[in-house]
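Thanks for making the time this morning. I would like to walk through one structure, side chain by side chain, and then turn to its backbone.

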Amino acid sequence: MKFKNKLISGLFIKRYKRFFVDIKIKKQIITAHCPNTGSMYGLLNKGNKVWISKSNNPKRKLKYTLEIIKDKNSKVGINTHLTNKIVYHGLQNNLIKEFKNISLIKPEIKFGSNTRFDFLIISKKYKAFIEVKNVTLSRKKGLAEFPDSVTTRGLKHINELIKASKKNYKVFILYLIQRDDCKSFTLAKDIDPKYADALAKAVKNKLKVLCYDCKFSSKGIKLNNKIKLKYEI
């Protein structure tokens, strides 16, 4: 997934009203859009280095978007609007080991009366739904965690994936760790025990859990390596 424009570096000042952040660029303070509904736990330290993008849309009120925050020595992608684009690029370019010889990839596919899954993939042997979750939380060195706050939407998706499995679809959750410093992944059961319990139930109903990290460059963010699932389900 390539950035449309070259990113601009600055320093994080504060986040407020969830979707607004103040960033210091040289001697100027600008307000940027924060495209992340999570708590962004552990990332919002004043003075953290950040990278923002500038929109080409003249009608947009906030010209800048927060894309990456530096946590200690590691880059963390916080823009959840890019998550599916990164995975879509990975599917198209055979970067995900579990999905080879795909004949069709359909994003944002409706299932049931009020659910959309991120991807439907079709091969000669099966049809599968993939729900993607963006991961930024890391409270222990080398360990990524999800979620960073209670997620009723995530809980709903798990329950809907179980329904899809019963209709003979293969079902997957792919946790995209938008970090480059984690070697394993687990669930933050202390933050959302209901989500963790629901995932355990879903795995018993044939849900497969995948975890991949990301590689960052000045040009974009790319799906990188599969990492270990440490959570005992």
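**Rings, a helix and some backbone angles**

Let me begin with Tyr126, which, leaving aside its neighbours within four places in sequence, is in contact with Glu98, Phe99, Ile121 and Lys170, where contact means heavy atoms within 4.5 Å. Before I go on, please keep in mind that this is a predicted model, in which local features need pLDDT of at least 70 and side-chain atom pairs count only at pLDDT 80 or more, while totals for chains, interfaces and linings use all residues. Residues are numbered from 1 along each chain as its sequence is written, and side-chain values use heavy atoms, with hydrogens and water left out.

Tyr126 is found in the loop between E8 and E9; helices (H or I, at least four residues) and strands (E, at least two) are DSSP runs, numbered from the N terminus. Is Tyr126 buried or exposed? Tyr126 counts as buried because its relative accessible area is 18%, and the cut-offs here are under 20% for buried, over 50% for exposed and partly exposed in between, with a 1.4 Å probe and protein chains only. The charged end of Lys170 sits over the ring of Tyr126, 4.5 Å from its centre, and by that wording I mean that NZ of Lys or CZ of Arg is within 6 Å of the ring centre and within 35 degrees of the ring normal. A second case is Lys14, whose charged end sits over the ring of Tyr16 at 5.2 Å from the centre. As for Tyr126 and Lys141, they are 15 residues apart along the chain, and their C-alpha atoms are separated by 38 Å.

Now to the ring pairs. A pair of aromatic rings is described by the distance of the centres and the angle of the planes. Rings of Phe, Tyr and Trp (its six-membered ring) pair if their centres lie within 6.5 Å, and planes under 30 degrees apart count as stacked, over 60 as edge-to-face and the rest as tilted. The structure holds 11 aromatic pairs. One of them is the edge-to-face pair of Phe99 and Phe172, with 4.8 Å centre to centre and 80 degrees between the planes. This pair links distant parts of the chain, 73 residues apart, with Phe99 in the loop between helix H1 (83-92) and strand E7 (104-111) and Phe172 in strand E12 (residues 170-177). Both Phe99 and Phe172 are buried.

Phe117 and Phe129 form a tilted pair, again described by 4.8 Å centre to centre, but with 45 degrees between the planes. Here Phe117 lies in strand E8 (residues 115-122) and Phe129 in strand E9 (residues 127-135), 12 residues apart. Phe117 is buried, as is Phe129, and ring pairs link Phe111, Phe117, Phe129 and Tyr169 into a cluster.

Let me move to helix H1. Which residues of H1 are buried? They are Thr83, Ile86, Val87, Gly90 and Leu91. These residues lie on the same side of H1 because they cover an arc of only 135 degrees around the axis, the arc being that of the directions from the helix axis to the C-beta atoms. The buried residues of H1 pack against E7, E8, E9, E12, strand E14 (207-216) and strand E15 (221-226). Thr83 counts as buried because its relative accessibility is 3%, and, not counting residues up to four places away in sequence, Thr83 touches Val132, Asn134, Leu176 and Gln178.

Asn79 is found in the loop between strand E6 (74-77) and H1, and it is buried, with a relative accessible area of 5%. The side chains of Asn79 and Glu67 are joined by a polar contact of 2.9 Å; a polar contact is a pair of N or O atoms within 3.5 Å, where within protein one must be able to donate a hydrogen and the other to accept it, and residues adjacent in sequence count only if both atoms are side-chain atoms. The side chain of Asn79 also reaches the backbone nitrogen of His81, at 2.9 Å.

Finally, the backbone. Most residues other than glycine have a negative phi, and most peptide bonds are trans. Lys26, in the loop between strand E2 (20-25) and strand E3 (28-33), has a positive phi near 60 degrees. Just after H1, Asn94 takes a positive phi of about 55 degrees. A cis peptide bond joins Phe146 and Pro147, with omega about 0 degrees.
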